[in-house]
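Subject: Structure handover, salt bridges

Hello,

Here is the structure for your files. My notes on its charged pairs follow below.

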Amino acid sequence: MLVLVAPGQGAQTPGFLTPWLDLPGAADRVAAWSDAIGLDLAHYGTQADADAIRDTAVAQPLLVAAGLLSAAALGDIAPDAVAGHSVGEITAAAFAGVLDDTAALQLVRKRGLAMAEAAAVTKTGMSALLGGDPEVTVAHLEKLGLTPANVNGAGQIVAAGTLEELAALEADKPEGVRRVVPLTVAGAFHTRHMAPAVAKLEEGAQALTPADPTVAYVSNKDGRTVATGAEVVSRLVGQVANPVRWDLCMETFKELGVTALVEVCPGGTLTGLAKRALPGVKTLALKTPDDLDAARALIAEHSSAAADTQTA
């Protein structure tokens, strides 16, 4: 039982797209996507510095493009379930056949611009808290006026709010929390600060004609699988201002009987969480094309669709 997952904002690093563009047809595909959304993805993925790709309006389309490109490089695969963390949910919607690649990139371009505009209203940010009891941590964050924007499981919660609120958190950590790590994002995503972006994304989503998922699509809202394309899109829109419950997504992976998890480029974050929260599940992160052969082997071993083909 295989789940294919896509990371969220903060996973990008300067030049991470460079080796992927050497694959046959990759540069042409990225050029077509760039034309479709009015953003030079190849430039930002190969030449831009960390500050340039930290920009929400750039980072989000870049991450979706990288996820789609690396998944395509795996060939004709058939995961049993898909999920994405935050903006990675749009990548996962394309994996599930809800949106085609171009529609996914056009939607994420609108999302990134709308969230960047909302983030510019007030100086906000996000910090990861490592360790501690989730209930104690959440209560402490709420006392400080912060939102538990990402409940990631495996002992990690991400707090979001104003820079003043985050400074207060640094000075007054919840009991049991080992570290507070500021994240390289440009706003308090998945909080009330993003409410203006929801309205703009609703407008953009009206032009979409989503199809129903062809595989199990696991939603960040509550960890549940979603059966219709219309509901997937509705959740993608609302999730901008609501907390990400990746912990509940991983609980659903357990319930589905997942035995392997592959994280598309730029992989690493979600496989790290899975290693701690899903013992016994094999994991693999696509970081460069050098990881493709190992990923294909893992997929062939664990995808139920592949197993059905071999026994037919």
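Is R224 buried or exposed? R224 is exposed, because its relative accessibility is 58%. The cut-offs: buried means under 20% relative accessible area, exposed means over 50%, and partly exposed lies in between (1.4 Å probe, protein chains only).

Some ground rules. This is a predicted model, where local features need pLDDT of at least 70 and side-chain atom pairs count only at pLDDT 80 or more, while totals for chains, interfaces and linings use all residues. Residues are numbered from 1 along each chain as its sequence is written, and side-chain values use heavy atoms, with hydrogens and water left out.

Now the pairs. The whole structure holds seven salt bridges (a side-chain nitrogen of Lys or Arg within 4 Å of a carboxyl oxygen of Asp or Glu).

One of them joins R224 to D222, at 4.0 Å from N to O. D222 is partly exposed, at 23%.

Another links D293 and R296, at 2.8 Å from N to O. Both sit in helix α13 (residues 292–302), three residues apart, about one turn of the helix. Helices here are DSSP runs (H or I, at least four residues), as are strands (E, at least two), numbered from the N terminus. D293 is exposed at 59%. R296 is partly exposed at 33%. Shared partners also tie D222, R224, E231 and R235 into one salt-bridge network.

E251 pairs with K254, with the closest N and O atoms 3.5 Å apart. These two are about one helical turn apart, because three residues separate them in helix α11 (residues 246–256). E251 is partly exposed at 38%, and K254 is partly exposed at 45%.

Best wishes
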